[in-house]
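User: I have a new structure to go through. Can we take it in short steps?

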There are 2 protein chains.
Amino acid sequence: MSCVKDNELDRMRSEVLEITKEILRLVAKRQSLCAEIGKLKQSKGLSIEDPSAERILREAITKEALALGIEEDFAQRLTTQLIEECIKVQPKPPEKKVLTHRDIARMAEALERQGVRVIRMDVGEPDFRAPSVVVERAYQEMKAGRSRYTEPKGKQELRQAIADYVKMRFDADVKADQVIATMGGAFGVYLALASTVSPGDEVIVIDPSWPIYKSCVRYVGGRPIVLETRLEDGWEPNLDELNEKISAATKAIIMNYPSNPTGKALGKKTFKGIVEIAQDRKLTLISDEVYADYNFTGSEHNTVLNYPEVSYVLISSFSKSWGMTGFRVGFVISDLDRANKMAAIQSMLITCIPEFIQYAAIEALKCLDEAKKNSEVMRERAEAVCKALEPLPVSFYKPDGAMYVFPRIDVKGIDGSEFAVKLLENKNVSVAPGGAFGNYFNYFRMSLGQPKEVLVEGVKRIGEFLSTLS
Amino acid sequence: MSCVKDNELDRMRSEVLEITKEILRLVAKRQSLCAEIGKLKQSKGLSIEDPSAERILREAITKEALALGIEEDFAQRLTTQLIEECIKVQPKPPEKKVLTHRDIARMAEALERQGVRVIRMDVGEPDFRAPSVVVERAYQEMKAGRSRYTEPKGKQELRQAIADYVKMRFDADVKADQVIATMGGAFGVYLALASTVSPGDEVIVIDPSWPIYKSCVRYVGGRPIVLETRLEDGWEPNLDELNEKISAATKAIIMNYPSNPTGKALGKKTFKGIVEIAQDRKLTLISDEVYADYNFTGSEHNTVLNYPEVSYVLISSFSKSWGMTGFRVGFVISDLDRANKMAAIQSMLITCIPEFIQYAAIEALKCLDEAKKNSEVMRERAEAVCKALEPLPVSFYKPDGAMYVFPRIDVKGIDGSEFAVKLLENKNVSVAPGGAFGNYFNYFRMSLGQPKEVLVEGVKRIGEFLSTLS
């Protein structure tokens, strides 16, 4: 009896093997077909990635999976693998070398090591120092031996202080358990994506955007789907276009207002419009609001915290408001389930953030005047830079907030990467090339992390350099 | 002409769709077959996961992929997806509830909040404080405004200090560019795995082991393959068994000596044997040596740094040697290519570790006497605990290093989780249940992060509790 059954098991296993081989044969057939399609597209000058063809495929797969009783998520993941392999076998156009602000920063540092004084407008780091009470608190706690493991989300005391802060600041009702103290805003972005995206899922990214959004979406196995916004529209996202970008595979929208790099802040109507789309289409809204305190408009900052009806992750940081970049502390807020999921990831990857830094963060939350003062300084800098840019052959949006100006170079045939490199070489001014933020190759980003006079001198040199080009 | 070609494109695209649907149909057929196999296995009392059957499948797939001209990696990834979905549809045995040290820690904290004094031997955290020069250095740097972004790998000065330290300590030749300062040892483990493992890859984990190894392997999409070691063998890994565990899908071996939880350190012969197997089979050896400084044997610590011929990642930390757990600083060392890959991940996820903590770490590296003193204290504690354990109905390996003792309970019918909970409730002593470290349900782990007298009192209570059981 047992022997018969063993034979049965063996027979079934070899059948599984045969089916698996048959699947592979079909995959091979599919790939050679894809390679042909690639050649055909190339001969017609069409681009390799084709979201609309993919969407048709995905919708058909959804139906087929349903009919066959296969889990849809699994079918979509499988499809993603097939699509990715398909893209691999298709001929690729020569890649455009895109320099990021980090490349320019490295070049600037190399010059500095040679003793050259460079006007640094590349990296998005404020020049403010942490308030001295923050430093002293960190020291006192460290001295008292508060350098032990804490719970992964961070100490209750800090999370309650953050909940109280967002209540006071935005009238948002949040429980301490919904809050996680993270390694800066960056790790918050990662936690939000890692807890939302499975391989093959799509995430809408509103361009121009901080390059890490797209790399991080790819890193967790997802596919960034770009919604482009335009200077001509005042960088306002078009909600109809947004709706069109959403497919069966979309899981989230990332937004970042006030925006890096454009300085755009959304009005309430558009903000609410995006919230409603996310809610309708059952997406998670990942809202990176690290620049909430750099607000120059006088009107209220719009925060996702005021829309608890949508599935959201708020990302915030102590880096910008209080000049605490190198403390590496930020926070995320979401519904409790997702917060617990993110905390489990944080626990596995980094255990927790340093204990005494958690106390330093509590202290920072009390420094409201400092945050206000820093915001005012940024506003003045933005004002001065915009004024200095006026006579130059550039077009730009006057920032509502954040710490950047993102001008378009109105000189024909200039590429942002080339511009940034030559500007650095000829005028010792470093800016971030626009191509790093999306399809904005004739733009550049100026960071306002320097005293006003330095920035104005930088703009003057940019003007001189531009005049040699036109 | 263009119209004809468009038709051709459409025709080819619908063929791709048909093939994709056919693949899905085969997947559905495969799954129903798998469900049947599952029922058959259940009726025969066989376990669902079957590594040897999987290995046969994988080897056949490798051949088939080669014959079809499909990338092997892709074929294996696809196979992994199919296997995982297959496991999902098979009936599962009821899951054994395994408590970890974190569960016990939470229960202990709840008791403490009620005012109960608990002898805490659950969490692996030394009670030592960071040397005061470390605290002062962090403060001075913080005050001087050294709280800015640094390069992702960490400041050159720290990485050079680490390279000098491993030269002095282990006579290991390492360049500063091979070193990355990480968020503690934990993030080092993640970076090592994330840069080595693709979905579907296998990683050998030597049990009993720190639970995060297995969870982190799974988190990056890999499958932990366990090599069990036994108390009867003095926790010595069997190299023949190790060789047998390696398949075409294996990418790495994780080892951790001195070991958490057993306290085992490897002799040179076995250490070298593992290095040679990794080298022969082209695997990466991930060596977690965070307990290198807690060495009670008098003989040299064996480090992977002395075997640059093998692909390796060394993981180390400042947490244990200098009592700096809550500073969250550690380091990894590997070949330059992998170091760059890991640095790119660190850059995207956390930017860098706090700048002033990097300076604190430089200071710690100079505190050699402190590290030695801490090691000596741990040795004395291990000695005292082992002596106190002698008369008890337990068997254990006398630790060569690390900060744990891992006894087996020689009382019939006792489960480690139940034991830990009842010990805590009845005697207010918290230990980590053995099941958290692998298939060691009648073991428990005692952490030596308390003064000797406290630990000995803890063992006394354990003895009293055990005497009520036998």
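User: In which sense do β5(A) and strand β6 of chain A pair, parallel or antiparallel?

Analyst: Parallel, over 4 bridges. β6 covers residues 284-288 of chain A. Keep in mind that this is a predicted model.

User: Which residue is the bridge partner of Ala252(A) in β6(A)?

Analyst: That is Thr284(A).

User: What does β5(A) have on its other pairing, with strand β3 of chain A?

Analyst: Strand β3, residues 202-207 of chain A, is joined to β5(A) by 4 bridges. These two strands run parallel. Glu202(A) has Thr250(A) as its bridge partner in β5(A).

User: Is β5(A) enclosed or open to the outside?

Analyst: Largely enclosed by the rest of the structure, because 6 of its 6 residues are buried. The strand spans residues 250-255 of chain A.

User: Which helix goes with β5(A) and β6(A) in a β-α-β unit?

Analyst: Helix α10, residues 268-280 of chain A. The unit of β5(A), α10 and β6(A) is right-handed.

User: And what sits in the loop between β5 and α10 of chain A?

Analyst: Pro261(A) lies there. A cis peptide bond joins Asn260(A) to Pro261(A), with omega about 20°.

User: What kind of peptide bond joins Asn260(B) and Pro261(B)?

Analyst: A cis bond, with omega about 20°. Pro261(B) is in the loop between β5 (250-255) and α10 (268-280) of chain B.

User: Next, the two chains. How many residues are in contact between chain A and chain B?

Analyst: 81 residues of chain A are in contact with 81 residues of chain B.

User: Which helix gives the largest share of the side of chain A that touches chain B?

Analyst: α1(A), with 26 residues. Several helices of chain A each supply at least two residues to that side, including α2 (51-68), α3 (72-89) and α12 (355-365).

User: What is the make-up of that side by class?

Analyst: The side of chain A that touches chain B has 48 nonpolar, 12 polar and 21 charged residues.

User: Why do the copies meet through the same surface?

Analyst: Because 100% of the interface residues of chain A are also interface residues in chain B.

User: Change of topic. How many helices and strands are there in chain A?

Analyst: 15 helices and 13 strands. Of its 470 residues, 51% count as buried.

User: What is the radius of gyration of chain A?

Analyst: 25 Å. For 470 residues, a compact globule would have a value near 23 Å, so chain A agrees with that. The C-alpha atoms fill a box of roughly 85 × 60 × 45 Å along the principal axes.

User: What is the strand order in the open sheet of 4 strands in chain A?

Analyst: β1-β12-β13-β10, with mixed pairing. β1 (119-121) and β10 (404-405) of chain A are the edge strands, and each pairs on one side only.

User: How does β10(A) pair with strand β13 of chain A?

Analyst: In the antiparallel sense, over 2 bridges. Val405(A) has Met446(A) as its bridge partner in β13(A).

User: Over in chain B, which way do β1 and β12(B) run?

Analyst: They run parallel, joined by 3 bridges. Arg120(B) stands opposite Ser430(B). On β12(B) there are also 2 bridges to strand β13 of chain B, and that pair runs antiparallel. Ala432(B) stands opposite Arg445(B) there.

User: Why is strand β12 of chain B called largely enclosed?

Analyst: Because 5 of its 5 residues, 429-433, are buried.

User: Where is Asn428(B)?

Analyst: In the loop between α14 (416-427) and β12 of chain B. Asn428(B) is partly exposed, with 17 other C-beta atoms within 10 Å. Its phi is near 55°, a positive value in a residue other than glycine.

User: And Lys282(B), buried or exposed?

Analyst: Exposed, because Lys282(B) has 11 C-beta neighbours inside 10 Å. Lys282(B) lies in the loop between α10 and β6 (284-288) of chain B. Phi of Lys282(B) is near 55°, also positive.

Terms used: Residues numbered from 1 in each chain as written. Chains lettered and ligands numbered in written order. Predicted model: local features only at pLDDT ≥ 70, side-chain atom pairs only at ≥ 80, totals over all residues. Contact = placed C-beta atoms within 7 Å. Nonpolar A, V, L, I, M, F, W, Y, C, P; charged D, E, K, R; others polar. Rg over C-alpha atoms; globule rule 2.2 N^0.38 Å. Buried ≥ 20, exposed ≤ 12 C-beta atoms within 10 Å, placed from the backbone. Pairing = 2+ DSSP bridges. Right-handed = clockwise from strand over helix to strand, strands pointing away.
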